[in-house]
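Dear colleague,

I am passing on the structure we spoke about, together with some notes on what turned up in it. Please look at the structure first and then read the notes beside it.

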Amino acid sequence: MKRMLFNATQAEELRVAIVDGQKLIDLDIESASKEQRKSNIYKSVITRVEPSLEACFVEYGTDRHGFLPFKEIGKQYLKGGRRDSEDGDGEGGRGRIQDQLREGMELIVQVDKDERGNKGAALTTYISLAGRYLVLMPNNPRGGGVSRRVEGEDRNELRDAINGLEVPMGMSVIARTAGIGRTTEELQWDMNYLLQLWHAVEDAAKLQTGAFLIYQESSLVIRAIRDYFHPDIGELLIDTEAIYEQAQQFMSHVMPGNVNRVKLYKDDVPLFSRFQIEHQIETAYARTVPLPAGGAIVIDHTEALVSVDVNSARATKGTDIEATAFDTNLEAADEIARQLRLRDLGGLIVIDFIDMESTKNQREVEIRLKDALKYDRARVQLGKISRFGLMELSRQRLRPALAESAYIPCPRCHGIGHIRGTESSALHILRILQEEAMKENTAQVVAQVPVDVGTFLLNEKRNEVMSIETRFKVNVLLVPNRHLETPDYKIQRLRHDDLNQSEPLPASFNMVEQPQETDIAEQMKEDAKEPRQEAVVKGITPSQPAPIPAEPEPKSAMPLPVAAVAPASVSWLDVILGWFRRKPALPAPAPRAEKPREGRDQRRDARDNRDHRGGDRDRNRGQDRRDGRRDERRGEGRTEGRSESRNEGRSDNRDNRRGGER
């Protein structure tokens, strides 16, 4: 059974995991020190228009300005936007950005991509509000449809259900995968709630000027239930009271039929340890991930892409090298798809599979990876394995990667992962000293170097240092600094005028300087302590309770057994005796329908004029009725319409049979 686990015992982190038995399927971690702004809605002000980039930079209430491309600006903010929208597409008539936008304009924007590294947030004016079953786009009339993940008959059914919704003019909706099997009433309820939310956003934007936060995306608890919950999940286990109440309240508003699945976990054993997924979560932080048969995958992050290398390592169970490579690649395909979900790796990803000579094996590995990625919520575009054994794929970035929120750049290597050795650093510094000494009017060169580098220069390279002093007639002062580590150093060049006008230099051991570098970890803690913006629109609840879906018993199936059982309750003896009780049986069908009886009288008059043809038709009808009663005795179900027509024609059939007996 699949379960959704919520772990919030530590205030710094909220973790949500989806497990199938004891296997970790998906993971989401929200850190209190890093604020996620994706899908938040802000009132923004344009600060700079850049025609060369066809974009503008806007202030939206944070330290760093956001990036807003011209194509992401709706027509309602452009000059003549309404006229263009009425005339047609209007894309070609948008004009130049400097003519359409100006500094100081106020826009309602939504964060499309959160800040990453040195890049600011990417913004858009095309708002999208995500609900349980639908995504409402209130200012994009051409963006509707069905989620790409829905295929086959489900896609057609969802499209028909959307067509039955009352979507206001100028808006559109997208059906999510959770909307499969939902009635139009449930979808309409979800859309009404999103419309209510959008009207609140519009009203809040008019309250004040300037940049401020209008609406903040829901917390991780609500997002996880809204996006990840599906009928296959049997339980939602939560280990803290506050999160439990929050989840139960949301479920009661949106999915009242599933409130009983939300349960509070009170055992002494930690929740994640009970399902043995703590060690599986640690693999999401590791660079090397082992495979069951002994192989391994190595995941490295670069500026342009994420590289995944597949190694056979200790995998030696194959009959030959091709079988070993094929089996290892199949295991790697499953694990890579899982690691992409756990780490939420986005952008361009290149996988270096073990070389396989068989084209058939390459195709099977591609199919295996494609099947493993079917359960991924992100949109993934796959390529083919090239002749070099590389496979390229692109994955949608749903949220910041796990490494971005949990890792900090190494203060020594600055995120490179490698540093220069002592000898290489010493030789590099020696060459820099020579360049500084060659400059005109140089009196002294002071070098702050790490202790091991200074030791190497003063001993192994003492003659070279003395040669620089002799040739260029300068004083070289080496200061071993215990606060520095390779490859860091500092070189200062002093002129003759600087030495003559300044006070005498202190002793060399007093010249040790402590580098003034900001501690990244401390800076992140200070940023977390800063007061965050409060959203103007919050606490919006649906105006009406969610419609409870009907039971799986279809309504049309209820009358079927009644229609079938009613004639079956009459025994065969009653049927035979009914032939001799004609008069008492006639009034029975009379109150059911008087008009059909009038019709029978007219038909009898018509049969008098068409004796031969009418007699044959009556005999055929009588035979059909007798066959129908035999089917009734066998217990076959009939519809109400057929039962009524059989009762109406019963008296005529009796007349025909009696005439035949006489």
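**The second largest cavity**

The lining of the second largest cavity consists of nine charged residues, one nonpolar residue and no polar ones. Please keep in mind throughout that this is a predicted model. The residues in question are Lys38, Asp112, Lys113, Asp114, Glu115, Arg116, Arg397, Arg399, Pro400 and Glu404, and the space they line comes to about 90 Å³. Domain 2 (40-78 + 100-216) and domain 3 (286-406) each supply at least three residues to this lining.

**The largest cavity**

The search of the whole structure returned four cavities of 30 Å³ or more, and the largest cavity holds about 110 Å³ of space. Its lining is made up of 14 residues, of which Ile29, Gln36, Pro400, Ala401 and Ser405 are the closest to the centre. Two or more lining residues come from each of the elements β3 (23-31), α9 (321-343) and α11 (402-406), with β3 giving the largest share, namely four residues. Sorted by class, the lining of the largest cavity has six nonpolar, five charged and three polar residues.

**Individual side chains**

Is lysine 43 buried or exposed? Its relative accessibility is 7%, and because anything under 20% is classed as buried, lysine 43 counts as buried. The side chain of lysine 43 is joined to the side chain of glutamate 106 by a polar contact of 3.1 Å. When neighbours within four places in sequence are left aside, the residues in contact with lysine 43 are Glu59, Tyr60, Glu106, Leu107, Ile108, Ala205, Gln208, Thr209, Gly210, Ala211, Phe212 and Ile214.

Asparagine 329 belongs to helix α9, the helix that was named above among the elements giving two or more residues to the lining of the largest cavity. With a relative accessible area of 0%, asparagine 329 is buried. Not counting residues up to four places away in sequence, asparagine 329 touches Val310, Phe353, Ile354, Met356 and Val365.

Aspartate 300 is part of strand β17 (residues 296-301) and, with a relative accessible area of 26%, is partly exposed. Which side chain makes a polar contact with the side chain of aspartate 300? The partner is the side chain of arginine 287, at 2.6 Å. Besides Arg287, aspartate 300 is in contact with Leu305, Val306 and Ser307, once its neighbours within four places in sequence are set aside. The C-alpha atom of aspartate 300 is separated by 9.2 Å from that of threonine 288, which is twelve residues apart from it along the chain.

**Backbone points to check**

The peptide bond that runs from threonine 486 to proline 487 is cis, with omega near 10 degrees, and proline 487 has its place in the loop between β23 (475-481) and β24 (490-495).

Glutamate 54 has a positive phi, near 50 degrees, in a residue other than glycine. The place of glutamate 54 is in the loop between β4 (41-50) and β5 (55-59), where it is exposed, with a relative accessible area of 51%. Lysine 473, which is not a glycine either, has a positive phi of about 55 degrees. Lysine 473 is found in the loop between α14 (462-472) and β23, and at 68% relative accessibility it counts as exposed.

**The chain as a whole**

For orientation, the protein chain contains 23 helices and 24 strands. Of its 662 residues, 40% count as buried. Among contacts in the protein chain between residues at least 6 apart in sequence, 68% join residues that are at least 24 apart.

With best regards

Methods:
Residues are numbered from 1 along each chain as its sequence is written. This is a predicted model: local features need pLDDT of at least 70, side-chain atom pairs count only at pLDDT 80 or more; totals for chains, interfaces and linings use all residues. Side-chain values use heavy atoms; hydrogens and water are left out. On a 1 Å grid over the protein atoms alone, a cavity is a set of points where a 1.4 Å probe fits but cannot get out, and a pocket is an open set with protein on both sides within 12 Å along at least five of seven lines; lining residues have an atom within 4 Å of a point. Grid points are joined across faces, edges and corners, and a volume is the space filled by probe spheres set on the points. Ala, Val, Leu, Ile, Met, Phe, Trp, Tyr, Cys and Pro count as nonpolar, Asp, Glu, Lys and Arg as charged, and the others, Gly among them, as polar. Domain bounds come from an automatic or database domain assignment. Buried means under 20% relative accessible area, exposed over 50%, partly exposed in between (1.4 Å probe, protein chains only). Contact means heavy atoms within 4.5 Å. A polar contact is a pair of N or O atoms within 3.5 Å; within protein, one must be able to donate a hydrogen and the other to accept it, and residues adjacent in sequence count only if both atoms are side-chain atoms.
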